[in-house]
Amino acid sequence: MDEDLLTIGAFAARARLSAKALRLYDRLGLLSPARVDEASGYRYYRADQAERARLVALLRQLDMPLARIAEVVGTDGGEAADLLAAYWADVETRVAGQRTLAEYLRGRLSGRSSEMYDKFVVETVEVPEQVVITETRHTLADELPAWIGASLGRLEEAARECGGVTAAPFVLYHAEVSMESDGPAESCVPVADEKAARDWAARHGRAWETKVRTEPAGRLAYTRITKAQVAHPQILAAFEAVEQWMTEQGLEMAGPCREVYFADWEASGPEDPVCDVAFPVK
């Protein structure tokens, strides 16, 4: 046997890890022994593998998924550091969202929901019948913002073939969208030319689950929110505020709730009004 190789026990001591951890890393494909004795099954490691073993252990302390650990340890120098930075940015974004959600839930659990709802002004508006081109998708909450932007972009582009956009685009929620429930949600863009819209849908309907339909006229109860308030979970408070107002007014829901995007999202700042959270009522 090569004298430079270390037994798993000796290598574990040098790497300051347990033999159990090293066997796990081997099984997960993160750190394989330099040699495995075919007869005994004993594992042997090179001394210079200790640094990788310690790196794997440290990355696991960051709750990094195994696939991303393999990517980091399999990459050299600055690129590996960039991969770690990208992962940690994702973690901080997730934690920030969880922190906001915890604050929202703390308000609800402490009985301060009415204080949150009082921040929203609820009104009603009559909307006319509209021909809309739509795209429907089952999606979880973490994928929803990206899908809304992409789907409305596709539909607004398509509207050029359908006589142009005639009113603010909106998103309908036919069932709850959360981390456990995937809707579906339906992006809708009102257009001028129904025949052209149906021709467009016939050509593209299968690609993105698109279709054309007529959205009936009706009355909406709504509250207007800023770009910052569109983020989850702030937007939940807006929906709940409208629902509470409807109950107080003796109104019943007459269709799926919706978000109406009336402003240029990219050009808007955090405190600019961009969206109406609305419920059809009767």
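**Before you start**

This is a predicted model: local features need pLDDT of at least 70, side-chain atom pairs count only at pLDDT 80 or more, and totals for chains, interfaces and linings use all residues. Residues are numbered from 1 along each chain as its sequence is written, and side-chain values use heavy atoms, with hydrogens and water left out.

**Stop 1: helix α1**

Select residues 8-15, which form helix α1. Helices (H or I, at least four residues) and strands (E, at least two) are DSSP runs, numbered from the N terminus. Colour I8, F11, A12 and A15; these residues of α1 are buried. Buried means under 20% relative accessible area, exposed over 50%, and partly exposed in between (1.4 Å probe, protein chains only). Now look down the axis of α1. Its buried residues fall within an arc of 105°, so they line one face of the helix. The arc is that of the directions from the helix axis to the C-beta atoms.

What do the buried residues of α1 pack against? Show β1 (5-7), α2 (19-27), β3 (43-46) and α3 (50-61). Contact here means heavy atoms within 4.5 Å.

**Stop 2: salt bridges**

How many salt bridges does a search of the whole structure find? The search finds 14. A salt bridge is a side-chain nitrogen of Lys or Arg within 4 Å of a carboxyl oxygen of Asp or Glu.

- Select R154 and E135. Their side chains meet in a salt bridge at 2.6 Å, N to O. R154 sits in helix α7 (residues 144-158) and E135 in strand β5 (residues 130-137), 19 residues apart. R154 is partly exposed at 27% relative accessibility, whereas E135 is buried at 2%.
- Select R203 and E161. Their salt bridge also has an N to O distance of 2.6 Å. R203 belongs to helix α8 (residues 194-208), and E161 to the loop between α7 and β6 (170-173), 42 residues apart. R203 is exposed at 52% relative accessibility; E161 is partly exposed at 43%.
- Select D276 and R224. The closest N and O atoms of this salt bridge are 2.7 Å apart. D276 lies in strand β11 and R224 in strand β9 (residues 218-226), so the pair ties together parts that are 52 residues apart in sequence. D276 is buried at 9%, while R224 is partly exposed at 46%.
- Select E186, R213, E215 and R258. Salt bridges that share partners join them into one network.

**Stop 3: nonpolar cores**

A nonpolar core is a set of buried Ala, Val, Leu, Ile, Met, Phe, Trp, Tyr and Cys residues joined through side-chain atoms within 4.5 Å. The largest one has 44 residues. Select I133, I148, Y173, V191, I225 and M246, which touch the most other members. Helix α9 (residues 234-249) gives the largest share of this core, eight residues.

Centre on I225. Beyond its neighbours within four places in sequence, I225 contacts F120, V230, I235, A238, D272, P273, V274, C275 and V277. A second, separate core holds 24 residues, including L6, A53, M64 and Y87.

**Stop 4: S268**

Finish at S268, in the loop between β10 (257-261) and β11 (273-281). Is S268 buried or exposed? It counts as buried, at 13% relative accessibility. Not counting residues up to four places away in sequence, S268 touches K227, A263 and V274.
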